[in-house]
Amino acid sequence: MEAAVPITMKDIDGGVTVATLLGRIDIAGAQDIDMPMNVLAGSKRKVVVDLSQVEFLASMGIRSIVLAAKSIVSKRGTCSLVAPPGNVRTVIDSAGIDMIIPTFDTLDEAVRAASPG
Amino acid sequence: MAEPASPVRARLTLRSGREDLAAIHPWFESIGERIALPASALFQIQLVLEEAASNAALHGFDAGGVGEIALEVTANPTQVIAVLSDQGRPFDPLTEAPPSPPPRSLDEAAIGGLGIKLMRKFASALRYRRIGPTNELTMIFDLAASSKVLNAGQSLERGAKS
């Protein structure tokens, strides 16, 4: 079963917030994550977006992630992506997003990069 | 003696709202099952169909207005042809968003045009024509070509579960 809201958020050590996206981030899913991502971008400085549980990602979902990342980075924060499954990774690479938002294989790597030392 | 399977033909009519667009996914999934479509091709074709339908819904009709979008698919194990048609405003996605280089920084990353970029990437061919009051977008997926994309995608997959 997919979660009703396809995003969960958790603050972890080092001031890092992990936003985990879930299931299908299609047109409907993107609208559901827009507001939470916007709130996240307005309130957090070190954000890791965990994509490991995403089954489908369309351009609307990428747009929501890129808008949040732009906002966070413009306030001298950091935003990265973690562990997109194969098909989702192909979409991210095809859109050129891996070149502009750091993309890590594991949560540990992303957290270390966001909060060095 | 194995007989060549006859192509699967199916038609879906949608209203241009987000609930209806979500119907594309289960509809095409059942077509994919009937032609034993590999998971990655299923993913990529669904992506293109959803991007095409959401473009048509966003650009073809007045804000808040709802129009009808039809999707017709002919599928066999080597090729999938999908035709999207609607009676919205003339909208040619191929000229609206010409191919562009990838963004070099987050600052210059454009927020629009991403859907069409993905459509160009994953469809083998895209053709648009306006016939009278109808927008018609034909999307062709050569499944041999799509499995190449699959392999490229999988070689990038590191540590991802699947």
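The model described here is predicted.

In these terms, B:Ala36 lies in a loop of chain B. The loop runs between helix 2 (24-34) and helix 3 (39-60). B:Ala36 counts as exposed because 8 other C-beta atoms lie within 10 Å, and the cut-off for an exposed residue is 12 or fewer. B:Ala36 and B:Ala82 are separated by 46 residues in sequence. In space, their C-alpha atoms are 17 Å apart.

Chain B as a whole contains six helices and five strands. Along the sequence, the elements of chain B follow the pattern β-α-α-α-β-β-α-α-β-β-α. Chain B has 162 residues, and 33% of them count as buried. Among the contacts of chain B that join residues at least 6 apart in sequence, 66% link residues at least 24 apart.

Strand 2 of chain B covers residues 68-76. One face of this strand is covered, and the other is uncovered. The covered face holds B:Ile69, B:Leu71, B:Val73 and B:Ala75. The uncovered face holds B:Glu68, B:Ala70, B:Glu72, B:Thr74 and B:Asn76. In a regular strand, side chains alternate between the two faces of the sheet.

Strand 2 of chain B pairs with strand 1 (residues 8-15) of chain B. The pairing is antiparallel and has eight bridges. Strand 2 of chain B also pairs with strand 3 (residues 79-86) of chain B. This second pairing is antiparallel too, again over eight bridges. B:Ala75 takes part in both pairings: its bridge partners are B:Val8 and, in strand 3 of chain B, B:Val80. A hairpin of two residues connects strand 2 of chain B to strand 3 of chain B. Strands of a sheet pair through backbone hydrogen bonds, in either a parallel or an antiparallel sense.

Helix packing in chain B comes next. Two packed helices are described by the angle between their axes and the distance between the axes. For helix 3 of chain B and helix 5 (residues 114-122) of chain B, the axes come within 9 Å. They cross at roughly 140°. The crossing of helix 3 and helix 5 of chain B is left-handed. Helix 3 of chain B contributes B:Gln44, B:Leu47, B:Val48, B:Glu51, B:Ala52, B:Ser54 and B:Asn55 to this contact. Helix 5 of chain B contributes B:Gly115, B:Leu118, B:Met119 and B:Phe122. The residues of this contact comprise six nonpolar, four polar and one charged.

Chain A contains an open sheet of five strands. The strand order is 1-2-3-4-5, and the pairing is mixed. Strand 1 (7-12) and strand 5 (103-104) of chain A form the edges, and each pairs on one side only. Strand 4 of chain A, residues 78-82, pairs with strand 5 of chain A in the parallel sense. Two bridges join them. Strand 3 and strand 4 of chain A also run parallel, joined by five bridges. A:Leu81 stands opposite A:Thr103 in strand 5 of chain A, and A:Val49 stands opposite A:Leu81. Strand 4 of chain A is mostly covered, with four of its five residues buried.

Strand 3, helix 2 and strand 4 of chain A form a right-handed β-α-β unit. From strand 4 of chain A, the chain passes through helix 3 to strand 5 of chain A. This β-α-β crossover is also right-handed.

The two chains meet at a contact. Chain A gives 33 residues to it, and chain B gives 31 residues. On the side of chain A, the elements that give two or more residues are helix 1 (27-43), strand 3 (46-57), helix 2 (59-74) and helix 3 (86-94). Helix 2 of chain A gives the most, with nine residues. The side of chain A that touches chain B consists of 18 nonpolar, nine polar and six charged residues.

Methods. Residues are numbered from 1 along each chain as its sequence is written. Chains are lettered from A and ligands numbered from 1 in the order in which they are written. This is a predicted model: local features need pLDDT of at least 70, side-chain atom pairs count only at pLDDT 80 or more; totals for chains, interfaces and linings use all residues. Two residues are in contact if their C-beta atoms, placed from the backbone, lie within 7 Å. Ala, Val, Leu, Ile, Met, Phe, Trp, Tyr, Cys and Pro count as nonpolar, Asp, Glu, Lys and Arg as charged, and the others, Gly among them, as polar. Two strands pair if DSSP finds at least two bridges between them. A residue is buried if 20 or more other C-beta atoms lie within 10 Å of its own, exposed if 12 or fewer, and partly exposed in between; C-beta atoms are placed from the backbone. A crossover is right-handed if, with the strands pointing away from the viewer, the path from the first strand over the helix to the second runs clockwise. Axes are lines fitted to C-alpha atoms, for helices over the stretch in contact, and angles run from 0 to 180 degrees between N-to-C directions. A crossing is left-handed if the near helix is turned anticlockwise from the far one by less than a right angle, and right-handed if clockwise.
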